[in-house]
Amino acid sequence: MAKTSTTTQGLRAAIERSGYYPALVAEAVEAAVGGEAIQSYLVHQETTFDANEVRRHVTVLVLTGNRFIVSHTDEQAADTTSPTPYATTSTESVKIGRISSVVLSRVVANPESYTPGALPREVVLTIGWGAVSRIDLEPAACGDPNCEADHGYTGSSTADDLSLRVSEAGDGPETVRQALAFAQSLSEATADPAR
């Protein structure tokens, strides 16, 4: 990564602010980005509860001129495979042209008095590029309630490679703003026919 870029410095600062193994996360992201300039980014640290354990993980999304990069880091407690706690970091690099959908869902309180530009209470960003698809099937039926014929199945296939929920209450207003800005940048990048 170009060490002098303001956007690169902002990404590194956001990774450090997350407080989640910043040296490990930054190294993985920098290796994936390489020498490309960063156009937009989003850092999302999340805490989950698993039985009696508290687990943390961080997802870093980066948009360059040619690629969408996803980095995800999870921590694990000591177990039968490792006598000490450990972390797993993975990165995926996707060409912009492979992204098939960018879905941004906004949750807004009191929609009857919504003011354009007001910050949503939460946003859910879903990005699909064909690595993971979900198929929902159900038996098909006709309008006759007495019909016993087999009408096959009906259903839908949904690209659901990444879904990220950011809320003002849990993540803060700045993270919601960053999620909105990243979603807009990614959506604009996928609309560019030159990519």
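This is a predicted model: local features need pLDDT of at least 70, side-chain atom pairs count only at pLDDT 80 or more; totals for chains, interfaces and linings use all residues.

Visitor: What does the C-alpha trace span along its principal axes?

Guide: The C-alpha trace spans about 70 × 50 × 40 Å along those axes, and of the 195 residues of the chain 33% count as buried. The accessible surface comes to about 11300 Å², with 50% of that belonging to carbon and sulfur atoms.

Visitor: And what share of the contacts with a separation of 6 or more is between residues 24 or more positions apart?

Guide: That share is 59% in this chain.

Visitor: Switching to charges, how far apart are the mean positions of the positive and negative ones?

Guide: The mean positions of the 14 positive and 25 negative charges lie 10 Å apart.

Visitor: Now the rings: how many aromatic pairs does a search of the whole structure find?

Guide: The search finds 3 aromatic pairs. In one of them, Phe-68 and Phe-182, the ring centres are 6.2 Å apart and the planes meet at 45 degrees, so this pair is tilted.

Visitor: Where in the chain are Phe-68 and Phe-182?

Guide: Phe-68 belongs to strand β3 (residues 67-76) and Phe-182 to helix α4 (residues 173-191), so that the pair, with its partners 114 residues apart, links distant parts of the chain.

Visitor: Is Phe-68 buried or exposed? And why?

Guide: Phe-68 counts as buried because its relative accessibility is 0%, and Phe-182 is likewise buried, with a relative accessible area of 0%.

Visitor: Which residues form an aromatic cluster?

Guide: Phe-68, Trp-129 and Phe-182 form one aromatic cluster.

Visitor: What sits over the ring of Tyr-21?

Guide: The charged end of Arg-56 sits over that ring, 5.6 Å from the centre of the ring.

Visitor: Last topic, Ser-40: which strand is it in?

Guide: Ser-40 lies in strand β1 (residues 38-50), and with a relative accessibility of 6% Ser-40 counts as buried, because the cut-off for buried is under 20%.

Visitor: What is Ser-40 in contact with, leaving aside neighbours within four places in sequence?

Guide: With those neighbours left aside, Ser-40 is in contact with Leu-61, Val-62 and Leu-63, and also with Ala-181, Phe-182 and Ser-185. Among these partners is Phe-182, which is also one of the residues of the aromatic cluster.

Definitions and conventions: Residues are numbered from 1 along each chain as its sequence is written. Side-chain values use heavy atoms; hydrogens and water are left out. Buried means under 20% relative accessible area, exposed over 50%, partly exposed in between (1.4 Å probe, protein chains only). Contact means heavy atoms within 4.5 Å. Accessible areas come from the Shrake-Rupley method with a 1.4 Å probe; for residues, only the protein chains shown count as cover. Lys and Arg count as positive and Asp and Glu as negative; His and the chain ends are not counted. The place of a charge is taken as NZ of Lys, CZ of Arg, CG of Asp or CD of Glu. Rings of Phe, Tyr and Trp (its six-membered ring) pair if their centres lie within 6.5 Å; planes under 30 degrees apart count as stacked, over 60 as edge-to-face and the rest as tilted. Helices (H or I, at least four residues) and strands (E, at least two) are DSSP runs, numbered from the N terminus. A charge sits over a ring if NZ of Lys or CZ of Arg is within 6 Å of the ring centre and within 35 degrees of the ring normal.
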